[in-house]
Amino acid sequence: MVENGATAAHVLVIGSGGAGVRAAIEAAEHGSVVLLSKTIAGKGGCTPMAEGGYNAVLREGDDPALHAADTLKGGAYLNDPALVDALVTEAPDRMRELLAWGAVFDVGSEEGVAQRPFGGQQRPRTCYAGDRTGHEMMVTLMDRLAATDVEVVHECAAVELLLEAGRCKGAAALDSEGRLGVYLADGVVLATGGGTRVYDISTNSSSGTGDGYALGYRAGAEVIDMEMVQFHPTGAIQPYDARGRLVTEAVRGEGGRLLNRLGERFMSRYDPERMELSTRDVVARAIATEVLEGRGTERGGVWLDVTHLSPGEIERRLPIMLEQFLAFGVDIRTEPMEVAPTAHHIMGGLRITPDCATTLPGLYAAGECSGGVHGANRLGGNALAETQVFGRRAGRSAGLEPERPKGVTPAIERQLGALRLRFDDYLDGEVPPPSVVRRLRQTMWQGAGIFRDEAGLAGALAGVELLKNQRLFAATERNLLECCTAANQCLLASLICRAALLRPECRGAHMRRDADCSTPPNASRYGHTFLSLTREGIEEVA
Amino acid sequence: MAAVTIRVSRFDPASGEPARLVPYTVEVREGARVLHALHAVHEQDPTLAYRYCCGSGQCGSCAVRVNGRPGLACMLPVADGDVVEPLDLPVVRDLVVDLVPRLARIAAFLPGGEQDLPDRETVEALKDLCHCIECGSCISVCPAVTVTDFAGPTAMRQLERLRLDPRDTGDRTLLATEEGLFCCTSCQACAEVCPKEIRIPGKAIERLRAEANRRGMTLPRHAEVAALVRKTGRSVDRTITPLFERVESVLEPYGPVRGEVAFFIGCIYSMRLPETALDAIEVLRRNGIRVIVPKEQVCCGSPLIRTGQLADLARLQATNRAALAPYPIVMTMCAGCGSTLKHDYGNLPFRVMDFNEVLAEFGIEPPARLPLTVTYHDPCHLLRGQGISEQPRALIREVADLVEMEARCCGSGGGVKAGNPAEAEALGERRREAIAATGAEQVITSCPFCEFHIRAHTDRPVRHVASLLLEGYKKKDAEAASAPDQPSG
C-alpha cells in the first residue's frame, strides 16, 4: 500500500540483525511488515559476526533463577530485573524455536545442544555453533523470514523517525542511490544494534554506528545508562587496520590462558577464583592494567594462548579464530594470539518496558539499541539470547498496535522538509565524514575509554561537541547517508560522555578513577542514568 | 605506511560508458587488506561505490575480484599493482553487484519435520555445509550459470544441507534436479574460489546426484553410460580395438632406461583418440621412459562418480587397484582419470602422476621449435583437480610461442556433454570466442574430453601437449637428417 509516495505497512522494523529479523518474523503474525536493512539483509549488524554463543538454561542442574542471578551480578545490579526475568525465562524457548527452524548448533557428549562455560556464569550455559554461532542464527532467521510475507528493503537506511502528535509514525530513509523514501506504520521497531564504532578500537561491523540511539533520542525517546560501554578483553592487535577484531570469549571458554610479557598468568592477581573466565569488565581492566604497568607486549597487548589444546580441538571448536589468524599469519595451534581490549557492546540504550515499548508511543526497541537488560556489564552469550527474546517481544508489541490512518500529514511533511534542508547543507558542506569520524574515534578512546575521570570525560565531550558542529560534506547524493551516519555517531558519542559524567561511581564497565570504587555494586545508591531531549540525570535509590 | 597504487573498476550506469580501470595511489599500513585500501580510495574519491560490513570475513558483503580472482576484500592482503574489479555478476555501480536475486535462489529451510537437533553424526555432516557466507564468489565463476538457468553452486550446497536435515520437510533432491543439478560440469571453479573452502562439487553436487540416482532420477544418457560400464568395463562403445589391447605390454624406450611408468590409458584415449595416446607413448620412449600397459585396466569410474551412479564403482576400483598395484608409478594422460585416481581411490600403493608431471619430473630432450603460436586450454580436472598448470605450459614453451587465455570450462565435463548437450555447446562456443581472441594458430590441451569437445568449437587444430612435442621432435629429426654435418642439440 502506497499513499502519497510513501510505503505503508502495519509494522516497520528498522534493522536486520538478530533482533530486527526476529521482530519482523513475529510482527508478520499480526499484519503487513516492512523490514528496512541498511545492508543486504542478513549480512549487516553484529549478529552474523557474533562468535561465542547463546545463553539458555536447558539442562537439569541449571535454573533460570541462577541465570538471572549471574546476569544481575555480572551487570553490577544495574539491570532492570523485569527485563532480566524475561531474558532468562524465554531464552530457552527461543533457542528451541531456532532449532525447530533448522539451526545447527553443536552437539556435545550428552544429547541435545552442547553448552560451554562463559565468563561470570555458574553453569556451562552457552550454546554454540563452533565459533560462528551468530552466523548460524542469522542464516536460520533469514530462512524463516523468507517464509513470511515481510517486505525486505535491502540497502536502505532509516535516517529520521517521523512523528505525529507525539507518536512515532514511521521513518524517512535513504537508499544506496541517495533517494529519500518514507515508510509509515502503526508500530515501529528499532533494532539497529550497537555503536562502538565511535571508538578507535572496536569489534563492531560497519553498521555499529549507533543509529538507533540517535534516531530514538532525536525523536524524543529516553536513553539510559549510555555510559555503560563494554570493552571486550580480547581484540586482535594486528594488522593495524583490522585492530579490535573480536577474539571470541569462547577461546577462554575452551581453556585459553592470558599471559603477560613475562609469561605470568596474570589473572591470578585480579580474580584468582574465576581467572580468565571472570566477567569481561574485570578481564579488560586487568589486561589494560598489565599494559599500563609495563608488563604488556611491545605492541601494547597481552598473549592469549591455546597451544596447550590439541590441534584437533582447536580446529573443531574454534574454526573461525583459526582461519582468521591464519589469514593474518598466526597459527594459533602453535603460537599465542596477541590481544588487547576493544570496544564491543553498549549496555545502555533506549529505555524499554518488558514489552519493548520505549518512552515514545508507537516506538519499540530490541537488541543492543535498547538498554537495561545487561546493566553495567553484559555477560558473554546474553546478547544473542537478548536479540531473540526481545526481538520477538518487540515484534509482537508493535504488531498489536491498532490500525491507524497512515498518510504524509503536514507534520510529517514539515519533518521531511527539515530533512531536505539538512541534506542541502551536507551537499554544500565542507568536511568529509571520514575525517570527522576518525577524530571522533580517537577522542572517545582517549577520553571515554576503559579508565575515566571527570576531566577526561569533559574534555572528550567538548571535543565531540566541536566535531558535531563541523559542516559535513556529501560529494554526491549517494554520500548523504555517510553524513547522516557520522552525525549519528557524534550524537551517540556525546550521549556516552554526558551519561558518564552523570555517574559519579565505579560500576561494572564504568570505571571512574576519580570516584569511590569501594562500595559494593549491590549497595550503590545510584540507578540508571537517563538522557532525553527534555531531561537528564541519574536515578537515586531512596 | 607505504604507498600502493591499485587500479579499481569504475562503472556508472547513467553514463552509458563501459567500466574502466582507474588508478589510485593510497597510503596503507603493514598488513592492510584490499578493503582498507578501498577505504582510502573512497576518502580520495567519495563517489566510489563498494560494499562491506563486518570486516572480518563473516558477512560475505565485500567479495570482489582481485587480479581476476574472487575473494573477500576484508581478508585479502593488498599489494601494489592490484586490480580490483566487481565479481563477474551484473554490476550495479563500480564494485557493487546485484547479489540479491542470486541469493534469492538459495532455498530456505522448511520446518515441520523433527523439532529437535539431530544426532551428533548428522550435525557434523550438516556443519560441513553450513559455513557458507553467501558472498556470491562461487556463483560468479560458475560456467553453467552463464549459459543455463542453474541456480548456482551454493544453492546446491544448501539443498544438500537441507536434504541431510531430518527437520526439513522439502523434497530437496527433486528441487535440486529442477534447479539444475545436472548442469554442473564439475569444473571445480566454485571450490577454488570459496573463501570458506567448501568443496561444493564433491560435498553437495555429487551426493545429490547419487541420491537422485537412488531415486531413479538419473538422466537417461547418464544411465546408458553406467549400463555400458557395467557390461563392458568401459564408458564408451567398442567401435575400435582399444589401444591397450593393441600395444605390447612393455614398450621399451629408444635409449637407456631413465624411468618407468604404468600407463593408465583411460576409455577415451583407448577407444576414441588412440593417436594422441600413441603420440604420448612416442614422447615417453624418446625420453627414456619405459611404458608398461597393464591389460586388466578398466574405466576409472569418473563418469559414474560425477553423475552419482555409484553401484558398480567398488568393483571398478578393485579391478584397477589390482591391475596397477605392481607398479610404483601409474601415469594418467586423461585429466579426469588422473583426478579420480588421485582423489576417489583412497590410499593407493603407488604414485599417480599425470603425463605432464612425468615429463616435468624426468626432464625432456629439447625438441625443435616450431614457427607456431598456440594457446593452452586448462583442463578443469588437471588445473583444479590436480593442481597442474605450470608443467604443460613449460613443455609447450619448449616448442612454440604460448599466448594465454582465461581458464574456463569447455563444457565437456560432469556428464554435461551427454546429459545436457545444449549447455556443452554453449560453453564450447564461449571457448571459440576466447580462442579466437588470442590469435593463436592452434589450441593445446591435455585432456581427451576437452580435446574432443573443443575440436567441434574452433576452426583451429586442437592437440594434446604430447602431439605438439612429438611434432617438435620430428622436425628436429628432419633437420638433423637434412643437415648431417650439424651437431644435433
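In this predicted model, A:Glu90 and A:Arg94 sit 4 residues apart in helix 3 (residues 81–100) of chain A, about one turn of the helix. Their side chains pair up in a salt bridge, with N to O at 3.9 Å. A:Glu90 is buried at 14% relative accessible area, and A:Arg94 is buried too, at 7%.

Over all chains, the search turns up 93 salt bridges. One of them, in chain B, brings B:Arg10 and B:Asp45 together at 2.8 Å, N to O. B:Arg10 is in strand 1 (residues 2–10) and B:Asp45 in the loop between helix 1 (34–44) and strand 3 (63–66), so this bridge ties together parts 35 residues apart in sequence. Both of these residues are buried. B:Arg167 and B:Asp165 make a salt bridge as well, with their closest N and O atoms 2.8 Å apart, and this pair is likewise buried.

As for cysteines, the whole structure holds 1 disulfide, between A:Cys506 and A:Cys517, with the sulfurs 1.8 Å apart. A:Cys506 comes from the loop between helix 15 (480–502) and strand 20 (511–512), and A:Cys517 from the loop between strand 20 and strand 21 (526–531), so the link ties together parts 11 residues apart in sequence. A:Cys506 is buried at 14% relative accessible area, whereas A:Cys517 is partly exposed at 41%.

A:Cys484 is in no disulfide, the nearest cysteine sulfur being that of A:Cys483, 6.9 Å away; A:Cys484 is buried at 1%. For A:Cys369, the closest cysteine sulfur, in A:Cys356, is 9.4 Å off, too far for a bond. A:Cys369 is buried, at 0% relative accessibility.

Definitions and conventions. Residues numbered from 1 in each chain as written. Chains lettered and ligands numbered in written order. Predicted model: local features only at pLDDT ≥ 70, side-chain atom pairs only at ≥ 80, totals over all residues. Heavy atoms only, no water. Disulfide = S-S within 2.5 Å. Helix = DSSP H or I, 4+ residues; strand = E, 2+ residues; numbered from the N terminus. Buried < 20%, exposed > 50% of the residue type's maximum accessible area, 1.4 Å probe, protein only. Salt bridge = Lys/Arg side-chain N within 4 Å of Asp/Glu carboxyl O.
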